[in-house]
Amino acid sequence: MRKTERYPVSGANSLWHVYDTVPFWKVIKNFIFIQAARYSPFLSWKNFFYRVFLKMKIGEETSFALMVMVDVMFPERIKVGNNSIIGYNTTILAHEYLIDEYRIGDVIIGDRVLIGANTTILPGVTIGNDAIVSAATLIHRDVPEGCFVGGNPMRVIYTKEEMLERTK
């Protein structure tokens with residue numbers, strides 16, 4: 001199970017109560033800087049926006065490709081290690097609004113992780129160091145260190161040991 005905090009709501013669905021859970025002006029500020037980062041051709045600018053304005057923890061030499069969409073409500077709950085690549089049009093969520101509850105969870109991406117294009121990462125997951133995520137994968141649970149995973153639903157394609165054997 002993903003590591004999320006669960007908050008029940010009553011009456012209308014949880015998204016209807018969005019500004020009871022996160023301040024309106026925070027969302028506006030985050031949206032502006034996320035959009036600037038999504039379209040910026042300069043990796044250093046993206047990391048600056050994420051670190052300074054969104055309070056994300058971004059490691060050294062980490063690269064976010066064009067159009068990456070980070071969580072607009074809780075970007076400060078995203079941590080990416082050193083020398084990782086987040087592929088084109090990837091979405092990283094730290095929240096999910098459901099009918100009867102909303103959930104918030106940290107997303108932790110390790111060092112030297114490669115995430116393929118068009119991947120979606122759900123809240124409350126950890127992706128271990130040296131992992132490789134295939135394009136168009138739905139990350140709905142933790143990814144062990146050194147594994148190669150892919151698909152929807154995600155499955156382990158090669159374990160760390162199999163990956164080491166393949167590189168010999």
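Visitor: In β14, which residue is the bridge partner of L114?
Guide: I132 is the partner of L114 in β14. Keep in mind that this is a predicted model.

Visitor: How do those two strands run, parallel or antiparallel?
Guide: Parallel. Strand β11, residues 114–115, pairs with strand β14, residues 132–133, over two bridges.

Visitor: What sheet has β11 and β14 in it, and in what order?
Guide: They belong to an open sheet of six strands, ordered β3-β6-β11-β14-β16-β17. The pairing in that sheet is mixed.

Visitor: Which ones are the edge strands?
Guide: β3 (63–64) and β17 (155–158). Each of these pairs on one side only.

Visitor: Switching to β9. Which way do its side chains point?
Guide: Strand β9 covers residues 101–104. E101 and R103 point one way, while Y102 and I104 point the other way.

Visitor: And are those four buried or exposed?
Guide: All are buried, E101 and R103 included.

Visitor: How does β1 pair with β9?
Guide: In the antiparallel sense, over four bridges; β1 is residues 5–8. Within that pairing, Y7 has Y102 as its bridge partner in β9.

Visitor: What about β8 and β9, how many bridges there?
Guide: Three, again with strands in the antiparallel sense, and β8 runs over residues 95–97. Y97 stands opposite Y102 in β9. So far, then, Y102 has come up as the bridge partner of Y7 and as the residue opposite Y97.

Visitor: How many residues sit between β8 and β9?
Guide: Three, and the two strands form a hairpin.

Visitor: Zooming out, how many helices and strands does the chain have?
Guide: Four helices and 17 strands.

Visitor: Why call the chain as compact as a globular protein of its length?
Guide: Because its radius of gyration is 16 Å, close to the 15 Å from the globule rule for 168 residues.

Visitor: What does the C-alpha trace span along its principal axes?
Guide: About 55 × 35 × 20 Å.

Visitor: How much of the chain is buried?
Guide: Buried residues are 45% of the 168. As for the surface, the chain exposes about 8,900 Å², with carbon and sulfur atoms supplying 61% of that area.

Visitor: What share of the contacts is between residues 24 or more positions apart?
Guide: Such pairs account for 36% of the contacts with a separation of 6 or more.

Visitor: Last topic, charges. How many positive and negative side chains?
Guide: There are 19 positive and 17 negative side chains. The centres of the two sets lie 3 Å apart.

Key
Residues are numbered from 1 along each chain as its sequence is written. This is a predicted model: local features need pLDDT of at least 70, side-chain atom pairs count only at pLDDT 80 or more; totals for chains, interfaces and linings use all residues. Side-chain values use heavy atoms; hydrogens and water are left out. The radius of gyration is taken over C-alpha atoms; the globule rule is 2.2 Å times the number of residues to the power 0.38. Buried means under 20% relative accessible area, exposed over 50%, partly exposed in between (1.4 Å probe, protein chains only). Contact means heavy atoms within 4.5 Å. Accessible areas come from the Shrake-Rupley method with a 1.4 Å probe; for residues, only the protein chains shown count as cover. Lys and Arg count as positive and Asp and Glu as negative; His and the chain ends are not counted. The place of a charge is taken as NZ of Lys, CZ of Arg, CG of Asp or CD of Glu. Two strands pair if DSSP finds at least two bridges between them.
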